[in-house]
Amino acid sequence: MRRHHDTPTPPPHPRRRRGRLVAAALAVAVAPLGALAWTAGAAEEPAEPAAVPLENLTVATEQVAQGLTRPTAIAAPDDGTDRLFVTEKAGTIREYAPETGLVDEPLVDLTDVVNGSGNERGLLGLEVAPDFADSQELYLAYTSLPNGDVTLARYGLADDSLEVLLTQEHPETNHNGGQLAFGPDGYLYWGLGDGGGAGDPDGNGQRTDTLLGTILRLDVSQSCGELAYCVPEDNPFVGDPEAREEIWAWGLRNPWRFSFDAADGSLWIGDVGQGAWEEVNHLAADGGGANFGWACREGTDEFDPGQCRDGAEFTEPVFTYSTSSEGCAVIGGHVYRGAEFAELAEGTYVATDYCSNSAWALRADGAGGYEDAVIGEFPTQVTAFGESSAGELYVVNDLPGQLHRVTFAETGAETGAEAGAEAGGA
């Protein structure tokens, strides 16, 4: 049973997946990215040790399922089943298991409450409760009928219950955000776009009196007063009468996909650009209050001087690429912390673009910045990355409706079969 208080208390710490790998990484002095000087967009700690330099790392995918209808998000219950849950835009959730494949019948059907009209509306985000094995609860982000309000809700698989926790009016059909993720602090983070339209016409990105253009940080383990959740006491705008206290970070256009690094709790954000620059931001675990600059700036360039406020401090992106020549919409990914490819890709952040399919890889370079490389291609129209309960990566793609498993290799490395053939011929 949830507690009901007027003053929030810290939620239980979520179960940490891959505890052995995380502990091992810390034991060999993984670069504490949470301590970096993010306002300068710089990495001040030594680069994380890695067996394979980025220029020698390649990525590939293996299709493991098809028949999805416009998939939008992936989540994995930590309940010993190895399942993946995949959301479909219209309002359904499908279930996949490595041994049996994709289940035909939806696990959840919310098409009667989800507004899936337009290209960017629908069921957009999914996260499993940290205590899912006991509670059987899911957290969902979607645009609701009839008006397309962006909505955060809790769904109970045990009784098919749906509890709306928070809604925000959203004037246009695009830039809805939708990412959900529990942080290492046990709080739920939710990304919302700027409200849509071109150029942020209402100036939401540089406002803190609206939830639009932000990432929220919420304690959903309890409720406070009339709220169906509590605001953590250390959120950056707590006590500010002119700001929404739920806000953790702001100045975002459409933070479609973000993720936490399991090793240090830092936050990686892929923010979709207007038409010139796509960007990736990296925020320390204690980096609440960061302003990423939209719509005063797009990437590191000035976009709309009329939305630039005197004295504003912006957090620089750690990676940008040209929208016009290198893609159309960044799809934020994950830092790899799995076991199968740890010797190749441990600590490597991978992302892609919806149009170009480029596989971008980023690491701190140990000299105050980041190194990046294109390490291959992902399938066409990737909409989301996800992790299995063991930390292995998957992607889904939009109109092809497929689920793919991500693999890594070293350039020029011999496979076992090749090595055996050479040995046999010697």
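N357 is a buried residue, with a relative accessible area of 12%. In this predicted model, N357 lies in the loop between β24 (349–353) and β25, and its phi is near 70°, a positive value in a residue other than glycine. Most residues other than glycine have a negative phi, and most peptide bonds are trans.

**Backbone features**

- R70 also has a positive phi, of about 50°, although it is not a glycine.
- The position of R70 is in the loop between β2 (57–66) and β3.
- R70 counts as partly exposed, because its relative accessibility is 23%, whereas N357 is buried.
- The peptide bond from L145 to P146 is cis, with omega near 0°; P146 belongs to the loop between β9 (137–144) and β10 (149–156).
- Another cis peptide bond links W294 to A295, with omega about 5°; A295 is placed in the loop between β19 (277–283) and β20 (297–298).

**The chain as a whole**

- The chain contains five helices and 29 strands.
- Of its 426 residues, 57% are buried.
- Considering contacts between residues at least 6 apart in sequence, 58% join residues at least 24 apart.

**Nonpolar cores**

- In soluble globular proteins, nonpolar side chains tend to be buried together.
- The largest nonpolar core holds 38 residues, and those touching the most other members are L57, W268, I375, F378 and F408.
- Strand β25 (residues 358–364) gives this core its largest share, five residues.
- Leaving aside residues up to four places away in sequence, I375 touches L54, L57, T58, V59, V350, A359, A361 and F408.
- Another core, of 23 residues, lies apart from the largest one; its members include L180, W190, L211 and A243.

**The largest pocket**

- The volume of the largest pocket is about 450 Å³.
- Its lining comprises 23 residues, and N119, E120, W256, A329 and Y354 lie nearest the centre.
- Strands β3 (71–75) and β23 (330–335) each contribute at least two residues to the lining.
- Sorted by class, the lining has nine nonpolar, eight polar and six charged residues.

Conventions: Residues numbered from 1 in each chain as written. Predicted model: local features only at pLDDT ≥ 70, side-chain atom pairs only at ≥ 80, totals over all residues. Heavy atoms only, no water. Helix = DSSP H or I, 4+ residues; strand = E, 2+ residues; numbered from the N terminus. Buried < 20%, exposed > 50% of the residue type's maximum accessible area, 1.4 Å probe, protein only. Contact = heavy atoms within 4.5 Å. Core = buried A, V, L, I, M, F, W, Y, C linked by side-chain atoms within 4.5 Å. 1 Å grid on protein atoms, 1.4 Å probe; cavity = no way out; pocket = protein on both sides within 12 Å on 5 of 7 lines; lining within 4 Å. Points joined across faces, edges and corners; volume = space filled by probe spheres on them. Nonpolar A, V, L, I, M, F, W, Y, C, P; charged D, E, K, R; others polar.
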